[in-house]
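Me: I have just opened this one and would like to go through a few parts of it with you. Could you keep the answers plain?

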Amino acid sequence: ALKEGGIFKMIEPLMRVTAGWISHLPMPDRRRALDQQLVHAGDWLGLTADEYIALTAIAGVFFTVLGLSLVTVFELPPAFTFFFSGLGLIMPYMRLTGEVARRFKEVNRSLPTAIDLAALCMGAGLDFPGALRQFVDKAASREDTLVQEFGRILQELELGRTRRQALENFSERCPTDAVRDFVKREGGDIRLVL
């Protein structure tokens with residue numbers, strides 16, 4: 001997000017400072033829920049829960065100031081200030097939930113084809129990591145969510161995690177029906193459905 005520049009690059013230092021202040025607030029359940037949403041969104045913008053709350057607060061303040069300016073300049077009713085404040089507070093949430101929905105939709109669409117390709121590769125003699133590596137290496141776009149997720153599974157396997165742990169982590173990052181069908185629990189064991 002910082003490499004792309006834009007507004008995020010400008011507000012990032014302020015967001016980090018504000019997140020430092022927010023980290024002292026006692027709200028562990030809210031942080032846990034936000035961390036889960038951020039994981040589902042593919043670690044959206046690389047934010048932590050405190051940074052996300054800070055981004056929401058900054059957006060709320062910015063849109064409140066914008067609303068006050070517009071009300072003053074165009075002599076609008078003061079109620080428009082509340083509208084802009086609410087808009088600023090809800091925009092980060094809308095972006096985050098939109099990113100979660102986009103990722104889940106992309107995984108659900110791509111997974112059946114990926115399973116077929118992995119089954120063909122494994123039928124040709126490759127092991128499971130080799131089949132995933134073929135899918136990742138031959139992918140048309142590295143930006144595809146499933147390619148990124150399979151790449152992450154491969155990284156976890158290379159770091160010494162078991163296949164079971166890597167697949168459980170995948171199902172936690174993308175808890176969709178298609179992923180649950182791909183990774184099934186039977187008698188406490190994870191098995192790959194191919």
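Me: What should helix α6 span, at 1.5 Å a residue?
Reply: The 14 residues of helix α6 (residues 145-158) should span 20 Å, and the end C-alpha atoms are 20 Å apart, which agrees. The expected span is 1.5 Å times one less than the number of residues, and helices (H or I, at least four residues) are DSSP runs numbered from the N terminus. This is a predicted model, in which local features need pLDDT of at least 70, side-chain atom pairs count only at pLDDT 80 or more, and totals for chains, interfaces and linings use all residues. Residues are numbered from 1 along each chain as its sequence is written, and side-chain values use heavy atoms, with hydrogens and water left out.

Me: Which residues of α6 are buried?
Reply: The buried residues are Thr 145, Leu 146, Val 147, Glu 149, Phe 150, Gly 151, Ile 153, Leu 154 and Glu 156. Buried means under 20% relative accessible area, exposed over 50%, and partly exposed in between (1.4 Å probe, protein chains only).

Me: And what do they pack against?
Reply: The buried residues of α6 pack against α4 (79-123), α5 (128-137), α7 (163-173) and α8 (177-182), where contact means heavy atoms within 4.5 Å.

Me: What follows α6?
Reply: Gly 160 follows α6, and its phi is positive, near 100°.

Me: New topic: where is Asp 43 found?
Reply: Asp 43 is in the loop between α2 (28-40) and α3 (49-74), and although Asp 43 is not a glycine, its phi is positive, at about 55°. Asp 43 counts as partly exposed because its relative accessibility is 38%.

Me: What about Glu 75, is that one buried or exposed?
Reply: Glu 75 is exposed, with a relative accessible area of 71%. Glu 75 sits in the loop between α3 and α4, and its phi is a positive value near 50° in a residue other than glycine.

Me: And what does Glu 99 touch?
Reply: Not counting residues up to four places away in sequence, Glu 99 touches Ala 41 and Trp 44. Glu 99 has its place in helix α4 and counts as buried, at 18% relative accessibility.

Me: Last one: which residues make the nonpolar surface patch?
Reply: Val 73, Phe 74, Leu 76, Phe 80 and Phe 83 make a nonpolar surface patch of about 500 Å². The elements giving two or more residues to the nonpolar patch are α3 and α4. Phe 74, which lies in helix α3, is exposed, with a relative accessible area of 56%.

Note on methods: Patch = residues over 30% accessible without salt bridge, like charges linked within 9 Å, V, L, I, M, F, W, Y side chains within 5 Å. Areas by Shrake-Rupley, 256 points an atom, 1.4 Å probe, with all protein chains shown as cover. Salt bridge = Lys/Arg side-chain N within 4 Å of Asp/Glu carboxyl O.
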